[in-house]
Amino acid sequence: MSSSVLVTRATFADIVGRLREHFDVEDNTDDAVLGPKELIRRLQGKQGVMSTGTERIDEQLLAACPELKAVCNVGVGYNNIDVAACTARGVVVTNTPDVLTETTADFGFALMMATARRITESERSLRRGEWTKTGIHDHFVGSDVHGATLGILGMGRIGQAIARRGAFGFGMRVIYHNRSPLPASVETDCRAAYVDKATLLKEADHLILVVPYSASSHHAIGEAELRQMKPGATLTNIARGGIVDDAALARALREGRIAAAGLDVFEGEPKIHPDLLSVPNIVLTPHIGSASVRTRRAMALLAADNLIAALGCGPRAGKPTTPVNAAVLAR
Ligand code: 8YV
């Protein structure tokens, strides 16, 4: 008897078709967001799930879905999943690293540039009909990206790809902070230097956050850290909501302590802190860092192939390409 799987959100029809070659598939073409109870209901009798960052896979869900054997997330981040609980129950967890690195780095760089050069703030003004005379010498003046100091918090694959763009494309001095320094060869490849967090905050003209969300990165940028940043600096967050204290950021922007912020992720998204919506010097985007057609396909395909392999089917049976808790596979 073939396994049954749930695809939690609407995705590419041919990739659902690929899953159908191996499994009974329940998909969600309406793309309704499944709350915890509904998710548990739909997972009854299912061995696998292709999930997204929106669904919480926690101990309560695992206890209620004892047949579940594989959770294959579409996304490199997996803070929606209690991996320890999955491992304890022998549930394989996979994510989708690598395939989104360059696309997300492109986006992070674009958001940082839009923030530094006030692109959406000036567009909003233009659309309101406020551009009434040309040649105003200080009209939406921003800060330079080329030659500036780029600070990166979190130097994984995406952080490194952003560092390369800054160093080699824009002649930036690149500094980073990470749990531990990278090997010298990687630092040379990215032309980036390790600094402590205080130095990162003090010296970055443009600070970009690419650190995974965890209890230890919660509010890594809060009131105290914002006060350590350079006056005139910008802050860009493409990592996860909750890494920045959004209320503290809105205060820092309103008081002009930093120049501007670019946010793709928010605490409690898709709700946005109202104070962030009322400050002008901010660029806001709806969590689209990995959203190019090609990359979203690659992510869905990798997640589907991981699910096929994790449930013992296909050419990589038993060996999903990108496991998060490989220990479960070794059992
Ligand atoms: C996804 C992301 O859009 O990969 C990640 O961690 O945040 C995004 O690429 C998100 O995970 C939706 O599943």
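A: A polar contact is a pair of N or O atoms within 3.5 Å. In this predicted model, a polar side-chain atom of serine 290 lies 2.6 Å from an oxygen atom of the ligand. The protein buries 84% of the 320 Å² that the ligand exposes when taken alone.

Q: Which backbone atoms lie at 2.7 Å and 2.8 Å from an oxygen atom of the ligand?

A: A polar backbone atom of valine 76 is 2.7 Å from a ligand oxygen, and a polar backbone atom of glycine 77 is 2.8 Å from a ligand oxygen.

Q: Which residues surround the ligand, and how many belong to each class?

A: The surrounding residues are Thr52, Gly53, Val74, Gly75, Val76, Gly77, Leu100, Arg240, His287, Ser290, Arg296 and Met299. By class, this shell holds four nonpolar, six polar and two charged residues.

Q: How many salt bridges does a search of the whole structure find?

A: Side chains of opposite charge can pair when their charged atoms come close. The search finds 24 salt bridges in the whole structure. In one of them, the side chains of arginine 42 and glutamate 26 meet at 3.6 Å, N to O. Arginine 42 is in helix H2 (residues 36-43) and glutamate 26 in strand E2 (residues 24-26), so that this pair links parts of the chain 16 residues apart.

Q: Is arginine 42 buried or exposed, and what is the relative accessible area of glutamate 26?

A: Arginine 42 counts as buried because its relative accessibility is 17%, under the 20% limit. Glutamate 26, at 26%, is partly exposed.

Q: With which residues does glutamate 223 form salt bridges?

A: Glutamate 223 forms a salt bridge with arginine 251, the closest N and O atoms being 2.7 Å apart. Arginine 251 lies in helix H11 (residues 246-254) and glutamate 223 in helix H10, so the pair ties together parts 28 residues apart in sequence. The side chains of glutamate 223 and arginine 257 also meet in a salt bridge, at 3.6 Å, N to O. Arginine 257 is in the loop between H11 and strand E11 (260-263), 34 residues from glutamate 223.

Q: What is the relative accessible area of arginine 257?

A: Arginine 257 has a relative accessible area of 16% and is therefore buried. Elsewhere, salt bridges that share partners join Glu26, Glu38, Arg41, Arg42 and Lys46 into one network.

Notes: Residues are numbered from 1 along each chain as its sequence is written. This is a predicted model: local features need pLDDT of at least 70, side-chain atom pairs count only at pLDDT 80 or more; totals for chains, interfaces and linings use all residues. Side-chain values use heavy atoms; hydrogens and water are left out. A residue is near a molecule or strand if one of its heavy atoms lies within 4 Å of it. A polar contact is a pair of N or O atoms within 3.5 Å; within protein, one must be able to donate a hydrogen and the other to accept it, and residues adjacent in sequence count only if both atoms are side-chain atoms. Accessible areas come from the Shrake-Rupley method with a 1.4 Å probe; for residues, only the protein chains shown count as cover. Ala, Val, Leu, Ile, Met, Phe, Trp, Tyr, Cys and Pro count as nonpolar, Asp, Glu, Lys and Arg as charged, and the others, Gly among them, as polar. A salt bridge is a side-chain nitrogen of Lys or Arg within 4 Å of a carboxyl oxygen of Asp or Glu. Helices (H or I, at least four residues) and strands (E, at least two) are DSSP runs, numbered from the N terminus. Buried means under 20% relative accessible area, exposed over 50%, partly exposed in between (1.4 Å probe, protein chains only).
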